[in-house]
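This report describes one protein chain, from its overall dimensions down to a single residue. The structure comes first, and the description follows.

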Amino acid sequence: MVLSPQAWTFLEGQVRRHKVLRSLSDRCRMVLLCVEGLQGKEVAACLGMHEHTVGKWRRRFVEDGIEGLTEEYRAGRPRMVSDAQVTQVIERTLNTTPKDATHWSIRSMAAEIGLSHTTIRRIWSAFGLQPHRAETFKLSTDPLFVDKVRDIVGLYMSPPNRAIVLCVDEKSQIQALDREQPVLPMVPGVPERRTLTCLRNGTTSLFSALDIATGAVIGKCYKRHRTTEFLDFLKRIDAEVPDNLDVHLVMDNYVTHKTSMVKIWLARRPHWHVHFTPTSASWINQVECWFAELTRKQLQRGVHQSTTALEVSITTFIDAHNKNPRPYRWVKSADRILASVKRFCHKTMNRTSNSGDSQSVGLGYPV
């Protein structure tokens, strides 16, 4: 057997590669040993294989070259499920529901169609159908939705010079929860365990302002979340922000943000600019990302015997966060957001019209 330089390089590479099929690697090693002059019995003994196996792959390499070392096509078992049956499963899944449930399960669909549950699972997996899952959505009906999205996303992606952009919001009614019995700590082989029932020891409200440039957070807890508390929080922001910078506030349309006291206070500071988010669009306020982080890391599994202890935990979390803050990177432009909303609206309206529902999808902005 004589190998060309290209074939030698390929066979050597397959033998040395870590991520390659073991069967292909063994066949390449057989050929290389045969090229070195070893007999079939010697190669079989060296690799722990039968002599006939070595002879088979040596013969196929001589006849077909490198392609002869791959597996031949095998038809496999004939199809037991026809295209019509697959179509029937998909149509039933999309357009009907069982009599005793709100959605199909694998076994209920299998009993309805007369196929095995493994066949139903393969069909659903192939077409990405998951009847057990349901997601929620809410379209904003703000008539200025497009303008507000472009305004706020423009602040995120291209903030003005000599200015600070703060995302402001309040997380209200944070409960100080304690457990009826002590929490059992985690031990090897056993996770942390706690009682299902809890004791409620009061609530507190957290006002926060996230600096989108640095990721630092200004936060303060209050017993209530009225105009008085919000105005006090604005004064705290004013005390911590340098006087030579313009301040751009991104906040929602909560009633305490638009009272006459707040308007008068902002009117006395012309370098403060307010950008209201569209209604039902809290996802555009970056401080919501930080609230989710606070909930996941501190509040969800926290145990607090009083609101004072809860506020201390929140303050400690803010201080630890501000020692090494990291800003959230906004990557989706306003055009991409509006295009995505437009596609969703068209999809929703098409499904509504196809289902025969006479109600139209109410949109307060052009799509």
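The accessible surface of the chain comes to about 23300 Å², and carbon and sulfur atoms hold 52% of that area; such areas come from the Shrake-Rupley method with a 1.4 Å probe, and for residues only the protein chains shown count as cover. This is a predicted model, in which local features need pLDDT of at least 70 and side-chain atom pairs count only at pLDDT 80 or more, while totals for chains, interfaces and linings use all residues. Residues are numbered from 1 along each chain as its sequence is written, and side-chain values use heavy atoms, with hydrogens and water left out.

The overall dimensions are as follows.

| Quantity | Value |
|---|---|
| Radius of gyration of the chain | 33 Å |
| Box filled by the C-alpha atoms, along the principal axes | roughly 95 × 55 × 55 Å |

The radius is taken over C-alpha atoms, and the globule rule is 2.2 Å times the number of residues to the power 0.38.

Of the 367 residues, 35% are buried, meaning under 20% relative accessible area; over 50% is exposed, and values in between are partly exposed.

The chain has 13 helices and five strands, counted as DSSP runs (H or I, at least four residues, for helices; E, at least two, for strands). V255 sits in the loop between β4 (246-251) and α10 (260-267). V255 counts as exposed because its relative accessible area is 57%. L206 is 49 residues from V255 in sequence, and their C-alpha atoms are 17 Å apart in space.

Note on methods. Buried < 20%, exposed > 50% of the residue type's maximum accessible area, 1.4 Å probe, protein only.
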